[in-house]
2 protein chains.
Amino acid sequence: MAVYTHLGAEQLAGLIGEFDVGALRSAKGIAEGVQNSNWLIETTGHDGAGARFILTMYEERTEVSELPFFLGLMDHLSARGCPVPATIHDRAGAAFRRLDGKPVALIEFLSGVSVSEPTAGQARAVGEALARVHLAGQDFAMRRANNLGPEGWRRLIDGCGPGGLDGIDPALGALVGAELADLLAQWPADLPGSVIHADLFPDNVLMIDDTVCGLIDFYFACTDIIAYDLAVTHAAWCFDATGTRFAPDLSAALLAGYEAVRLLSPAERSALPLLARGAAMRFLASRAYDWLHTPSDAFVTRKDPLAFARRLSFYRDNPGVFA
Amino acid sequence: MAVYTHLGAEQLAGLIGEFDVGALRSAKGIAEGVQNSNWLIETTGHDGAGARFILTMYEERTEVSELPFFLGLMDHLSARGCPVPATIHDRAGAAFRRLDGKPVALIEFLSGVSVSEPTAGQARAVGEALARVHLAGQDFAMRRANNLGPEGWRRLIDGCGPGGLDGIDPALGALVGAELADLLAQWPADLPGSVIHADLFPDNVLMIDDTVCGLIDFYFACTDIIAYDLAVTHAAWCFDATGTRFAPDLSAALLAGYEAVRLLSPAERSALPLLARGAAMRFLASRAYDWLHTPSDAFVTRKDPLAFARRLSFYRDNPGVFA
């Protein structure tokens, strides 16, 4: 959560002038995104009635070469009716520009708030929205490898160093060692693939009541196993924040919502327990790596890897939740 | 610039429900304010057409006992046509509520951006707006002492400790010593007083082109010498950020704009050079104190005290700029 870059009003007004969106009326730096800076922008709009946008400046961690994939995907899904913000192209047709040497994109503003304590109705709506993304993504032509797939988990875990995991918790090294070996040996190669969001936590879903108004932050999106995306979403939505308490009602609602739009094949359904262990491992691995490589006094809040170690144990011990 | 507190969507929706402003539709933590947390809030509004507000949560450094003054002043000025955000009172009529034990106020959203490189037209508009605040504030009944007046500067300078100032710059101790003695000896007691903003930097003015749309951040407002507020505004607007380059065109425009609305008395005008030295001392003192008491690796950006030492020297050497 940060605004890394200061942009003066004159710079912002000049930038907005490159788009056909009216004149700048307001700009507030907003505390969203961990890899980029964001502003909530208001302009006069076409008709003077006002329009709002999110301006995103991509900081160093974002690969510019990947922006066409991320922004193209958002446009693709938006055009197919998914509640995904479209990018506003500039007068020359470009999806992003540069300011102070950094890429910037102007993105549609969508209403809604990120829920902290989802209800079953909300989990169901998220399942439906995710399935619609999977259907709409079928004919998206671009591809991007998932660098946080099984090999990525192994790389991150190796990067934790000998004894690193046990320094976080004495039982963590054994859990991760056994599970990672299993996952690498058994990870399916024959399930249907497509473009997936890969990070659909409540933070990345804007809702009003039980309606999904916006799916945002596609910067982990990639081409991978479709049902793995459902597993990630399951791990993200169906537990309390500490990963201690599983919520069977949210789980049932999420799966029912998903299947109301896109039926899982028998092979996908029977793979879900394994895919969910993989989903838990993915966030466990990145959080453990960040935990060990982020100074404890850094401004960035470190996220507890154990919240996903608990999910991993739960999925290992309870394959029946997907039956 | 920070959001210190996380508020869940459910908490926010509950809070918004205590006001007659429609239902919550969006909430973004914004990177404004150094003493409090702020969210840009969108609701359905009365007619469903949407309405926007700033939600401010006052963190520990704000005295709750002073909120009625600050919020009451904003309402007073807004009611008299000044471009100042009014506070939205809750259904019970209260100007602020409590959430998680902290005071929170819902405040009108005003458009406009804070300029970084003001033009003469903008400086003139700010002068006019400041004079209107001074006229409209005449009948504001509440009083608040300025704890950053001359005695406050002395307290802050004393708090820098022996040799502290010279550790910032070898010439700083001598400059401050001589000027502070002069200011304390000569500070006027007989100039017209009223409620003043006392911190009207470009950051605290929202503009569209040459129009002032919003004067914000009244949390240093107090009862003090009216012309001192003009001197503060002069020090804030008529130099580059480093205090190295004085902008005579902005100075002339600011003063002309002010006097187009409220004429300075001869006594006020002849006091301006001294008041401007005081204004420079006020920010020099607080910045020097913060510089010496903020760890260099803290998240908060330390502001350079020398930017106001340069202004102080300039005003000492050039009393003719107010002639």
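Tutor: In this predicted model, 28 residues of chain B are in contact with 28 residues of chain A. The size of an interface is often given as the accessible area lost when the parts come together; between chain B and chain A the buried area comes to about 2400 Å², with carbon and sulfur atoms giving 55% of that figure. On the side of chain B, the residues that lose the most area to chain A are B:Glu10, B:Arg25 and B:Lys28, which together account for 24% of what that side buries.

Turning to the polar side of the interface, there are 14 residue pairs in polar contact between chain B and chain A, counted where both residues are at pLDDT 80 or more. The rule also finds two salt bridges across this interface, and one of them joins the side chains of B:Arg52 and A:Glu42, with a distance of 2.8 Å from N to O.

As for the elements involved, those of chain B that give two or more residues to the side touching chain A are α1 (9-16), β1 (24-30), β2 (36-43) and β8 (205-208). Of these, β1(B) supplies the largest share of that side, namely seven residues.

Terms used: Residues are numbered from 1 along each chain as its sequence is written. Chains are lettered from A and ligands numbered from 1 in the order in which they are written. This is a predicted model: local features need pLDDT of at least 70, side-chain atom pairs count only at pLDDT 80 or more; totals for chains, interfaces and linings use all residues. Side-chain values use heavy atoms; hydrogens and water are left out. Contact means heavy atoms within 4.5 Å. Buried area is the accessible area (1.4 Å probe) that two parts lose on being put together, summed over both. A salt bridge is a side-chain nitrogen of Lys or Arg within 4 Å of a carboxyl oxygen of Asp or Glu. A polar contact is a pair of N or O atoms within 3.5 Å; within protein, one must be able to donate a hydrogen and the other to accept it, and residues adjacent in sequence count only if both atoms are side-chain atoms. Helices (H or I, at least four residues) and strands (E, at least two) are DSSP runs, numbered from the N terminus.
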